[in-house]
Amino acid sequence: MDALALQKLNAADFPRLLTVQRRRSQVLDAIGALAGGLASAKISNVELGRIRTELSSLVESAWESQVMEPFLYSGRYQSLSESDRAFLDGFRVYGLHDVLAAHRKLESSRVNSPVAVVVRQVLDEAIVLARAARDLKQFVVKRNQLPTATKPLDNPNKIVRTCACCFRDIAVVSSRNMAHHGYARPAPGFQTSSCPGIGFPPLEVSSAGLTWLAASIKNTRASLVKEKDKLPKITQITTPARAGHKCVVVNIGDPGWDKAKAHRLAQITSGIATIDAQLPYLQDKLSQWRQTETSPGQPVLSGKQRPPGGKP
Ligand SMILES: [Zn+2]
């Protein structure tokens, strides 16, 4: 696909990939930047990295929600046919970098079951992005070789504000939201490659990110408690796949059953304990929160004040 065709793509072209993606606008922005880089045959290393991180996280979450969740988890893997299991075992998709190899493998496969159809739909969407990102790599140029007039600076005065989810100082882009920044684990249950605070205005402007974070952590706690209650009655545990490893299904009566169950109980207990230690801090922060800026750099009150609980 050439740059022009890529530029015409929008959310409707990626129904599988964008099903659960919360960061839709950032994803579309990354696709736009990918197309722009191919069209101008120029991209900075930093920008290429940002695009790859965004699209990798997209592919990873789509694989999780479209393939792993409906076909592998909660014992569903065990109820698949032998050929479907062998088919799925052949795929390891943890990000954009795995898509080229996975798609090649798919092209040589003859399996046509419902599982294979979904895998094909996900990979057919992902391959467009993976190939474009691969092609873009050859156009990486040094920063001083990049044209400066093509794009107005997003944040010329380098306004830095507090991320509403990880509470670090982060540059503000697009005049209101936080620049892409690596994930800093604020609580259990947030295992993404980028901080969820990217989607929210800084803490000086709005408490929306903090409110969302506290609610998400409460939800995670509730599902952990639910799982803990059900634990004595379960007869099967599926340990999630790690990079380079298959999911392991342990059934009651299997040699590793007691160990797997004790391990899961320990994970749940420590998850709940971590949340219980963090929730009061977040709730405290939320109750003390007050708006100090109407938009980044525009104070509500006189003088430059940071919100209480924000970084000094
Ligand atoms: Zn953050």
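Predicted model: local features only at pLDDT ≥ 70, side-chain atom pairs only at ≥ 80, totals over all residues.
Local features are taken only where pLDDT is at least 70 and side-chain atom pairs only at pLDDT 80 or more, while totals for chains, interfaces and linings use all residues. Residue numbers start from 1 along each chain as its sequence is written.

Let's start with the sheet. Strands here are DSSP runs of E with at least two residues, helices are runs of H or I with at least four, and both are numbered from the N terminus. Two strands count as paired if DSSP finds at least two bridges between them. In general, strands of a sheet pair through backbone hydrogen bonds, either parallel or antiparallel. In this model, three strands form an open sheet in the order β1-β2-β3, with antiparallel pairing. At the edges sit β1 (160–162) and β3 (177–178), each pairing on one side only. Three bridges link β1 and β2, and T162 has D169 of β2 as its bridge partner. The hairpin of these two strands has six residues between them, and F167 there takes a positive phi near 65°.

Next come the helices. Packed helices are described by the angle between their axes and the distance between the axes. The axes are lines fitted to C-alpha atoms over the stretch in contact, and angles run from 0 to 180 degrees between N-to-C directions. Helix α5 (residues 99–107) packs on helix α6 (residues 114–136) at about 135°, with the axes 9 Å apart. That angle makes α5 oblique to α6; angles under 35 degrees count as roughly parallel, over 145 as roughly antiparallel, 65 to 115 as roughly perpendicular and the rest as oblique. Residues are in contact if their C-beta atoms, placed from the backbone, lie within 7 Å. On the α5 side the contact uses V99, L100, A102, H103 and L106, and among its α6 residues are L123, I127 and R134. By class, this contact has nine nonpolar, one polar and two charged residues. Ala, Val, Leu, Ile, Met, Phe, Trp, Tyr, Cys and Pro count as nonpolar, Asp, Glu, Lys and Arg as charged, and the others, Gly among them, as polar.

Then there's the pair α7 (residues 208–230) and α8 (residues 257–288), whose axes come within 10 Å and cross at roughly 155°. The two are therefore roughly antiparallel to each other. Residues meeting here include L213, I217 and L224 in α7 and I272, I275 and L279 in α8. The contact of α7 with α8 counts 12 nonpolar, five polar and four charged residues.

Key:
Contact = placed C-beta atoms within 7 Å.
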